[in-house]
Amino acid sequence: MKTKHTKSDNTKPQDMKTEGMKTEETVDTSAPALRNADPQTPARFTRPSAFAFVVLVGAAALLIHGWTQGAVVNPAELVTGAGRLGDFLADAFPPDLDRVLPILQSLLVTFEMALLGTIVGVILSVPLAIAGARNTSPHRSLYYLSRGFITVCRTIPDLVWALIFVIAVGLGPQAGVLAIAVDVMGFCGRFFADSIEEMDNGVLEGVRATGAPEHSVIFGAVLPTCMPSFVATSMFALEQATRSSVVLGLVGAGGIGVELSVSMALLRYDEAMTIILAIFIVVLGVERLSAAMRQRILGGGS
Amino acid sequence: MSAAVQLEDLKMRFRNGHQALDGVDLTVEPGQLLALTGSNGAGKSTLLRCMVRLQEPTSGMVRIHEAEVTGASSRALRRIRQDVGFIFQNFNLVDRVSAFRNVTNGAIARHGSQCAVPALVPSRVRREAMDCLERVGLAHLADRRVDTLSGGQRQRVAIARSLMQRPRLILADEPVASLDPAAGTAVMELLRDISAERGITVIAALHQVDFALDYSERIIGLRAGRVELDESNDRLSAERLHELYGPAPLTDSGTRGQRR
């Protein structure tokens, strides 16, 4: 049955090309007959497509290779690990509040790092997005250049940017600010550009038709239209920046991360717990604040 | 007096192969109110849009107030557009800002880019913008966001924006098609009055035959991208105009309207 199907399917197209034109009836009657000689219940299992097969085999190969390299979840070690985690928690509580003031101070600097980095990143994102949106880009080459730059900013993780900027400007918060700014450019540049591209083309046309030059079309139509989306995206970027500013200190780019890694290295787990809790409160606070502001802008706008 | 608009053998072919304009020749005298009629797809909008190159014509020539539009540099094109108001079916205003700010946008070409930023708009431009809003009867709504206005009000804001350009020509692409009859009448009356007051040439694409007959001095009928009819209003009967939409003469193989 099966072989017959494939065989006739193979010969069919040639038949159609050479003779099908002349006698249409033969094609019409024979084609359904070949497809469905005896209709039956669909098979219980369908054979995976070649693509799915390749994906599955590839994933399996990666997992096996990873296993040989130690990328495993080992139940036995999980049990002993949980025990050690218990030791950590036992040491960590109650949190040591002796150094709470310097910790809060350094947390404040961390947030200020995030804030400045976000502001710089958002400001630089606007021209990037205008050049990187199809409907406002001055030139095709600028469009690709800008989109490419945004992609580079986005795909390289912020910790790597921090390492790079530590080399450039030395240890300290300035490296963190720069790393966050670049990270924000990758995020905001992309979403700002997308939001410009989503604009109704008629709005642009309406201003262009008055004879206004392109840069005033930006100020007169694009910015006012996209402003709510820009602000909401920026608030979201600030949230992310606050979260990532916490870990940037781990590579020496300033902020609370430095304190945390020192406490951990000195096995001062109770002090580390104070830092972790403080981080938790600040990040949660920024998240709530930004969510409330986004709600206000997007919900109350129109 | 020189012509307001001159078109010579204007052709426009879309990328999908549709021939929207198939050789249009037209001369419009200054101060005229001219109606462009024709069924959907006859090329009315395309013709208007090609005149100021919101769409690029494939071939032919457009001249507005003796300046050649086709082949103009982008700077020259902006200078030509400065004198030409364009009214759209869907208003094409910036919805999120006030009526007033939309009107000052009309001054950008003449007074420079500072008119795009509310804080920098010169006082005389602000006064003129209020005059324009006053003329269309919306001065009391200057501060209102455009997306809170009705369709008829929005179209009048759009007309105020084009008045801000101090235009010599207004191209109106289905200015009343999205409006209810009362608002439509108000907009057509406004267009007729400003045309008469200020000697502005108005070319309006209209598919309501009644509006075309009531408000225009001259009527151009398009069919399949060609000028099929060109008459001054007083010599034209409603029947003749309705024919443009109705069946083609029976000798014409009977496949009217749906070709292509």
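**Notes on the predicted model**

1. Between chain A and chain B there are nine residue pairs in polar contact, both residues at pLDDT 80 or more, a polar contact being a pair of N or O atoms within 3.5 Å, where within protein one must be able to donate a hydrogen and the other to accept it, and where residues adjacent in sequence count only if both atoms are side-chain atoms. On the side of chain A that touches chain B, the elements giving two or more residues are helix H9 (201–208) and helix H10 (214–248) of chain A, and H10(A) supplies the largest share, eight residues. Helices (H or I, at least four residues) and strands (E, at least two) are DSSP runs, numbered from the N terminus.

2. On the basis of the values: this is a predicted model, in which local features need pLDDT of at least 70 and side-chain atom pairs count only at pLDDT 80 or more, whereas totals for chains, interfaces and linings use all residues. Residues are numbered from 1 along each chain as its sequence is written, chains are lettered from A and ligands numbered from 1 in the order in which they are written, and side-chain values use heavy atoms, with hydrogens and water left out.

3. The contact (heavy atoms within 4.5 Å) involves 21 residues from chain A and 24 residues from chain B. About 1800 Å² is buried between the two chains, 59% of it from carbon and sulfur atoms; buried area here is the accessible area (1.4 Å probe) that two parts lose on being put together, summed over both. In chain A, the residues that lose the most area to chain B are A:Glu205, A:Ala209 and A:Thr210, together 29% of what that side buries.

4. The rule finds one salt bridge across this interface, a salt bridge being a side-chain nitrogen of Lys or Arg within 4 Å of a carboxyl oxygen of Asp or Glu. A:Glu205 forms a salt bridge with B:Arg49, with the closest N and O atoms 2.5 Å apart.

5. Two residues of chain B that are not glycine deserve a check of their backbone angles. B:Asp9, in strand E1 (residues 5–13) of chain B, has a positive phi of about 45° and is partly exposed at 39% relative accessibility. B:Arg53, in the loop between helix H1 (44–51) and strand E4 (59–64) of chain B, has a positive phi of about 55° and counts as buried at 15%. Buried means under 20% relative accessible area, exposed over 50%, and partly exposed in between (1.4 Å probe, protein chains only).
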